[in-house]
Amino acid sequence: MKDYAEPLARLIDELKRLPGIGQKSAQRIAFHLERAPREDVERLAAAILDAKDKIRLCSVCNNLTELDPCEYCTDPRRDGEVICVVETPYNVIGVEKTREFRGQYHVLHGVLSPLQGIGPDQLKLKNLLERLRSGKVKEIIVATSPTVEGEATAVYLSKLIKPLGVKVSRIAMGVPVGSELEFADEVTMLKAIEGRREM
Amino acid sequence: MLTLCICRRVDIGHRMPLLETEAIVLRTYRLGEADKIASLFARQLGRLRAVARGALRPKSRYGGTLEPLSYVRLWIFERENRDLLHLNSAELLESFFDMQKDYHVQLAAQYLAEVAERMLPEREANERAFRLLLTVLRALKRSGEVNRPLLYFDYWMLRLGGFLPDLESCSACGRALGEEGGYYGPGSEGLLCRECRLPGAKQQVSGTALAMVRTACHVPLDRWLAQEKAPPGCREARGFFEEIIETQVERKLITREMMGEEV
Ligand SMILES: [Zn+2]
Ligand SMILES: [Zn+2]
């Protein structure tokens with residue numbers, strides 16, 4: 001005999017596929033949803049589908065957005081001469097929290113990682129180069145993680161971009177080597193932006 | 001005198017003996033929110049995987065020690081009835097972080113890690129393979145050259161694993177290969193002469209390249225690198241050895257394919 005009725009087992013299986021959710025958490029969430037009023041569950045299901053349907057990548061910067069181009073790319077108060085290059089949309093939020101950066105963003109959706117089959121062709125670089133060729137951009141701040149992969153990506157970008165006459169700097173101080181940027185606190189992130197260096 | 005294959009056990013509690021070992025970090029995977037799993041080649045324990053709690057946090061005690069290809073000293077413990085080992089602490093002995101800033105060198109370094117991960121059996125100490133990996137990493141770091149260090153690594157990994165094919169005669173009929181060299185293709189375990197060549201064996205490795213390997217890979221790598229530049233035939237020979245490695249590990253190497261795209 002199975003532990004759970006088929007529909008419940010299926011729900012638990014689907015939940016387990018989410019990041020950071022193991023068997024126990026999946027069971028807890030599934031039982032919670034079973035007990036919850038139908039309207040609550042409907043609202044959750046609708047929110048998931050709504051986000052899935054309405055969120056896309058900004059055609060300019062590759063950030064997740066409802067409107068294309070995204071609000072960072074269209075906000076006239078933001079400085080279009082400086083672009084901060086990050087690994088994931090999550091990192092945009094990290095930099096924003098400092099309230100110190102008023103430029104625009106570019107999301108690579110990854111870093112160079114040969115063992116995972118991620119080379120330059122797998123990164124979203126094409127539209128970055130298009131932005132640079134427009135001549136408006138004066139500086140690129142590379143805010144990839146201070147890991148082997150993040151550094152290799154930064155150096156690769158620098159070699160690619162510098163010949164176009166654009167200044168390239170790299171975040172430095174404040175983020176310890178080997179850590180992932182999304183775990184950096186706001187102060188750490190602020191230090192990182194202040195301490196950027198030219199490459 | 002080399003380190004003996006005995007681990008010093010430091011007991012921190014009666015249930016958790018700590019094992020001390022040197023190791024090279026092959027790669028790390030993210031585990032949950034803040035932990036890492038490190039795939040390691042430990043000098044005294046062989047290839048293994050261990051969990052490093054909190055390693056992704058900025059203020060983690062591991063700092064940059066667990067970055068790919070770091071040469072480290074580790075303290076590991078094993079919980080009863082669990083397959084995964086746990087790291088207690090790590091100390092950086094030698095970093096290969098900076099050299100990997102160059103994408104080509106990063107690619108080469110990760111190739112070493114991928115081959116080591118695929119070819120080395122789990123939990124089997126292998127002192128010669130450990131010294132080989134360390135030697136090749138240091139050569140890569142010092143020279144920035146990819147060709148000779150990788151060829152040297154391929155040759156010796158195959159040889160230490162007992163998979164090195166005969167480089168002088170046809171694996172089917174035994175005839176001497178001579179100047180023409182031999183033919184191979186996907187799935188090959190050795191070289192074939194023109195007569196025995198199968199339709200799939202489309203690649204050729206010349207007699208000159210094979211002769212070069214037989215001498216060059218038998219001097220210390222540093223001495224070979226001191227000679228001005230890589231001899232012709234390095235890439236040719238690497239192509240052959242990489243094919244043999246793929247045959248032995250029964251899969252395509254991701255980093256090999258990516259290096260192919262770079263050339
Ligand atoms: Zn945008
Ligand atoms: Zn033959």
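## Helix packing in chain B

In this predicted model, helix α2(B) meets helix α3(B) through Arg128(B), Ala129(B), Leu132(B), Val136(B), Ala139(B) and Leu140(B), whose partners in α3(B) are Pro149(B), Tyr152(B), Phe153(B), Trp156(B), Met157(B) and Leu160(B). By residue class, this contact of α2(B) with α3(B) comprises eleven nonpolar residues, no polar residues and one charged residue. The two helices span residues 127-143 and 147-161 of chain B, respectively; their axes come within 10 Å and cross at roughly 175 degrees. An angle over 145 degrees counts as roughly antiparallel, and α2(B) and α3(B) are therefore roughly antiparallel to each other.

Helix α2(B) also packs against α1(B), at an angle of about 175 degrees and with the axes 11 Å apart. The pair α1(B) and α2(B) is therefore roughly antiparallel as well. From α1(B), Val105(B), Ala108(B), Ala109(B), Leu112(B) and Ala116(B) take part, meeting Leu133(B), Val136(B), Leu137(B) and Leu140(B) of α2(B). The contact of α1(B) with α2(B) consists of nine nonpolar residues, with no polar and no charged ones.

## Nonpolar core

The largest nonpolar core contains 107 residues, and the members that touch the most others are Val85(A), Phe41(B), Leu112(B), Leu133(B) and Val136(B). Helix α1(B) supplies the largest share of this core, with nine residues. When residues up to four places away in sequence are not counted, Leu133(B) touches Ile24(B), Phe41(B), Leu112(B) and Ala116(B).

## Interface between the chains

Contacts between the chains involve 30 residues of chain B and 21 residues of chain A. On the side of chain B that touches chain A, α1 (103-119) and α7 (254-262) of chain B each supply at least two residues. The largest share of that side, six residues, comes from α1(B). Its residues divide into twelve nonpolar, nine polar and nine charged.

## Chain A: composition and confidence

Chain A has 199 residues, of which 33% are buried, and its secondary structure comprises eight helices and seven strands. Of the contacts in chain A between residues at least 6 apart in sequence, 53% join residues at least 24 apart. Lys52(A) is located in helix α3 (residues 38-54) of chain A and counts as exposed, with 8 C-beta neighbours inside 10 Å. Its C-alpha atom lies 27 Å from that of Ser113(A), a residue 61 positions away in sequence.

The mean pLDDT of chain A is 89, and 87% of the residues score at least 70. Within chain A, confidence is highest in strand β4 (residues 103-107), at a mean of 97, and lowest in helix α8 (residues 186-194), at 64.

## Backbone features

Most residues other than glycine have a negative phi, and most peptide bonds are trans. The peptide bond from Asp68(A) to Pro69(A) is cis, with omega near -5 degrees. Pro69(A) belongs to the loop between β2 (64-65) and α4 (71-74) of chain A.

His109(A) occupies the loop between β4 and α6 (126-133) of chain A, and is partly exposed, with 15 other C-beta atoms within 10 Å. Leu69(B) is in the loop between β4 (46-52) and β5 (71-78) of chain B, and is buried, with 26 other C-beta atoms within 10 Å.

Note on methods:
Residues numbered from 1 in each chain as written. Chains lettered and ligands numbered in written order. Predicted model: local features only at pLDDT ≥ 70, side-chain atom pairs only at ≥ 80, totals over all residues. Helix = DSSP H or I, 4+ residues; strand = E, 2+ residues; numbered from the N terminus. Buried ≥ 20, exposed ≤ 12 C-beta atoms within 10 Å, placed from the backbone. Contact = placed C-beta atoms within 7 Å. Nonpolar A, V, L, I, M, F, W, Y, C, P; charged D, E, K, R; others polar. Core = buried A, V, L, I, M, F, W, Y, C linked by C-beta atoms within 7 Å. Axes fitted to C-alpha atoms, helices over the stretch in contact; angles between N-to-C directions. Parallel < 35°, antiparallel > 145°, perpendicular 65-115°, else oblique. pLDDT = per-residue confidence, 0-100.
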